[in-house]
Amino acid sequence: MSEAHKITLIPGDGIGPEVSSAVVSILEAAGKKTGCSFDWHRYDAGADAFAKTGEYIPKALYESIEQNRVALKGPVTTPIGGGFSSINVTLRKKFDLFSNFRPVKSLPGLKTNYPNIDLIIFRENTEDLYAGLEVMVQPDVAQSLKIITRKGSTRIAKAAFDYAKKHGRKKIHAIHKANIMKLSDGLFLKCCQEVAAGFPEVTYAEHIVDNTCMQLVLNPYQYDIILTENLYGDILSDLCSAFVGGLGLVPGANIGLECAIFEAVHGSAPDIAGQDKANPTALLQSAVLMLHHIDEPATAEKVQTALETVYAEGKTLTKDVGGNSGTKAFADAVIAAIG
Ligand code: NAI
């Protein structure tokens, strides 16, 4: 057996600990078959971490990600309208994880209104309105700064086009609102156009974000790769997740030049937390992306095949996708299906 992969594990809160524990057990089981082992370095973040350490993101967690360069993260609750800054946004900015990669793909056997979906969202992950630069300019006037840079726009466009070329994807749509935000979204588009010019084999198109929402609902099949800024990417990800069965399914990867953090698109789902109802598929598919990233394709393949077997059989699914099983029973079914 080769040396264990050191991976920083942030279980998160809400449904985070339930889905993380399911995913860890599935990865451990698959790894036993392929000779791949894991050394999990576990850390709290957010309100739980603050209660224990007085820090929302403990220094030791930062150091662990710096050393291991790979993290698997469950969702963390962010207070609305006040309180501490988003842990997710803070980590993405701290480690300059500029590329948020979100594949939205139908699973076998799952009946939805949109069969055979296969599209990818590349979301810029460090700037835009998520730069968190907000001030009260007068007692009744708040200002939030939208930051769009040539560097940020060019590198996410490059990531999307490089991926398309490597994986034979045919079309990229840059999604924007440059008719209104002529300077910021205008710069984003300019950078996308410049990068597109270097990839004649990939068709490049541009859609305005509001029209995109309608186009997606009417005919998502017209999109192959969606390339967009931070806020539009966040919103379109949730919209697209509905095509394949909802937020319980869609994975994500936050990739930078030094480190990568793998996490689902969904949040901490407080409405179902602690009830053994959460679907761990989204985090599991994020973990599959992680296995490819750490060069464990055989283990990734084993996990994905077992997951698809369970969906194709349709006997042990969670409630969000029409089943009657709990998180643990679903995880056990995936483990049993590992060949
Ligand atoms: P959410 O994604 O947590 O939940 C939206 C809906 O989807 C809920 O009805 C929930 O039950 C359902 N859902 C989500 N994941 C599911 C799963 N795995 N299985 C079954 N059903 C699932 O979004 P919401 O409610 O807007 O946010 C809750 C909290 O999560 C907020 O504090 C938010 O800031 C945080 N959040 C954290 C993220 C992260 O850590 N990466 C990302 C998005 C939100």
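Helix 4 (residues 87–94) has Ile87, Asn88, Val89, Leu91 and Arg92 among its buried residues, where buried means under 20% relative accessible area, exposed over 50% and partly exposed in between, with a 1.4 Å probe and protein chains only. This is a predicted model, in which local features need pLDDT of at least 70 and side-chain atom pairs count only at pLDDT 80 or more, whereas totals for chains, interfaces and linings use all residues. Residues are numbered from 1 along each chain as its sequence is written, and side-chain values use heavy atoms, with hydrogens and water left out.

**Helix 4 and its ends**

- At the start of helix 4, a side-chain oxygen of Ser86 comes within 3.2 Å of the backbone nitrogen of Asn88.
- Helix 4 is followed by Asp96, which has a positive phi, near 50°.
- Helices (H or I, at least four residues) and strands (E, at least two) are DSSP runs, numbered from the N terminus.

**Asn254 and its partners**

- Asn254 is found in strand 11 (residues 253–255), and with a relative accessible area of 2% Asn254 is buried.
- The side chain of Asn254 makes a polar contact of 3.4 Å with the side chain of Arg92, a residue that is itself buried in helix 4.
- Not counting residues up to four places away in sequence, Asn254 touches Arg92, Leu97, Ser99, Asn100, Asn125, Cys259, Ala260, Ile261 and Glu263, contact meaning heavy atoms within 4.5 Å.

**His176 in strand 8**

- His176 lies in strand 8 (residues 171–176) and counts as buried at 7% relative accessibility.
- The side chain of His176 reaches the backbone nitrogen of Ala178 at 2.9 Å.
- Leaving aside neighbours within four places in sequence, His176 is in contact with Asp185, Leu189, Glu206, His207, Ile208, Val209 and Tyr232.

- Ile26, placed in helix 1 (residues 16–34), is buried, with a relative accessible area of 0%.
- Ile26 touches Leu284, Val303, Ala331, Val334, Ile335 and Ile338, not counting residues up to four places away in sequence, while 46 Å separates the C-alpha atoms of Ile26 and Gln143, which are 117 residues apart along the chain.
- Asp162 lies in helix 5 (residues 150–167) and is partly exposed, with a relative accessible area of 34%.
- The C-alpha atoms of Asp162 and Arg69, 93 residues apart along the chain, are separated by 22 Å.

**The protein as a whole**

- The protein has 11 helices and 12 strands; its radius of gyration is 20 Å, close to the 20 Å that the globule rule gives for 339 residues, so the protein is as compact as a globular protein of that length.
- The radius of gyration is taken over C-alpha atoms, and the globule rule is 2.2 Å times the number of residues to the power 0.38.
- The C-alpha trace spans about 55 × 50 × 40 Å along its principal axes.
- Of the 339 residues, 53% count as buried.
- Among contacts between residues at least 6 apart in sequence, 72% join residues at least 24 apart.

Notes. A polar contact is a pair of N or O atoms within 3.5 Å; within protein, one must be able to donate a hydrogen and the other to accept it, and residues adjacent in sequence count only if both atoms are side-chain atoms.
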